[in-house]
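Here is a short report on ring contacts and a pocket. Please look over the sequence and the structure first.

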Amino acid sequence: MSTFFQLIFSGLETGSIFALATLGIIIIFRTSRATNFAQGVMGMFNAFVATTLLITYSLPAWLAAVIGMLSAFVTGIVIDLLIIRRAKKANIVSKQIITFGIILVLLGVAPMMFGSVPLSFPRFIDTGAIDLMGASLTYNGLLNILMGLGMMGILFYFLQYTKWGLAVRVTASNEQTARLMGVPTSLVTMGAWAIAAALGTLSALMLAPAINVNVAMMENVQVNALIAGVLGGFQTFHGPVIAAYLIALARNLILFYVSDSWGEPLLLMLILLFIVMRPNGLIGKKIVKKV
């Protein structure tokens with residue numbers, strides 16, 4: 001049983017990384033009607049910012065992460081003002097292509113600004129571990145799990161119980177109606193891009209100690225975040241987050257108990273089968289338009 005719980009805790013840590021990136025994608029999709037394929041690259045770019053500041057000024061990891069997330073806020077605002085807002089009338093496919101353009105820009109700018117050599121970002125908590133149900137969980141792993149759950153809990157609270165959250169939900173439901181009701185939809189969209197970039201950066205910095213900060217660090221996270229969005233249903237905020245955790249947990253269990261070589265393809269086949277049987281996702285609902 002200790003091995004089982006070890007896999008569960010590892011899956012929860014990985015799931016937190018996936019879920020933060022997924023939530024950023026969903027917030028942008030619901031407010032901008034665009035699938036943000038650049039979510040991972042935005043996180044990567046600002047992870048470079050945080051790591052460079054950490055190395056240059058010998059900052060503690062937590063302070064570098066906070067500055068990196070603030071940098072991500074600015075990045076999201078700039079992207080919205082200079083690119084997304086100017087393409088507001090573009091169709092969905094065009095907006096998706098624009099996010100691919102953002103990927104190319106950031107992938108080109110990052111090596112120019114920070115160099116092509118991977119950088120090392122330390123754990124938030126260097127040493128120490130606790131035993132839970134026979135499994136060993138590092139303090140840093142526990143912190144990552146709590147940060148992921150805590151950050152999403154805070155965002156869900158704001159989405160559900162605050163005026164800003166109401167503005168986001170109204171904009172997500174019907175942007176034109178929201179504007180007629182006096183909701184500043186442009187400001188909501190800008191905030192969505194800023195928050196999504198910050199979530200992607202936190203996700204990248206949680207992952208960084210394991211693989212270092214490099215231009216390709218978020219590729220796997222981006223893919224799994226998009227899969228989680230489809231699996232959970234893009235019509236809800238919480239469905240994709242739940243799906244992100246399920247993917248991470250299922251991946252660990254299948255790789256260990258079924259096959260370490262065929263586990264990944266098997267998981268993808270199971271997800272595909274589920275989506276074929278339930279196209280609207282785990283929690284997503286079928287949208288019916290009345291004429």
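Is phenylalanine 158 buried, partly exposed or exposed? Phenylalanine 158 is partly exposed, because its relative accessible area is 39% and that class runs between the 20% and 50% cut-offs. The model is a predicted one.

Phenylalanine 158 pairs with tyrosine 157.

Tyrosine 161 is exposed, with a relative accessible area of 62%.

## Other aromatic contacts

The model has nine aromatic pairs. Phe45, Phe48 and Phe114 make up one aromatic cluster.

One ring also meets a charge. Arginine 30 sits over the face of phenylalanine 237, 4.9 Å from the ring centre.

## The largest pocket

The largest pocket holds about 470 Å³ of space. Its lining counts 24 residues. Glu13, Thr14, Ile17, Leu207 and Ala210 lie nearest the centre.

Which element gives the most to this lining? H1 does, with seven residues. Other elements that give two or more include strand E2 (135–138), helix H5 (139–161) and helix H8 (185–211). By type, the lining residues are 11 nonpolar, 10 polar and three charged.

Technical notes:
Residues are numbered from 1 along each chain as its sequence is written. This is a predicted model: local features need pLDDT of at least 70, side-chain atom pairs count only at pLDDT 80 or more; totals for chains, interfaces and linings use all residues. Side-chain values use heavy atoms; hydrogens and water are left out. On a 1 Å grid over the protein atoms alone, a cavity is a set of points where a 1.4 Å probe fits but cannot get out, and a pocket is an open set with protein on both sides within 12 Å along at least five of seven lines; lining residues have an atom within 4 Å of a point. Grid points are joined across faces, edges and corners, and a volume is the space filled by probe spheres set on the points. Helices (H or I, at least four residues) and strands (E, at least two) are DSSP runs, numbered from the N terminus. Ala, Val, Leu, Ile, Met, Phe, Trp, Tyr, Cys and Pro count as nonpolar, Asp, Glu, Lys and Arg as charged, and the others, Gly among them, as polar. Rings of Phe, Tyr and Trp (its six-membered ring) pair if their centres lie within 6.5 Å; planes under 30 degrees apart count as stacked, over 60 as edge-to-face and the rest as tilted. Buried means under 20% relative accessible area, exposed over 50%, partly exposed in between (1.4 Å probe, protein chains only). A charge sits over a ring if NZ of Lys or CZ of Arg is within 6 Å of the ring centre and within 35 degrees of the ring normal.
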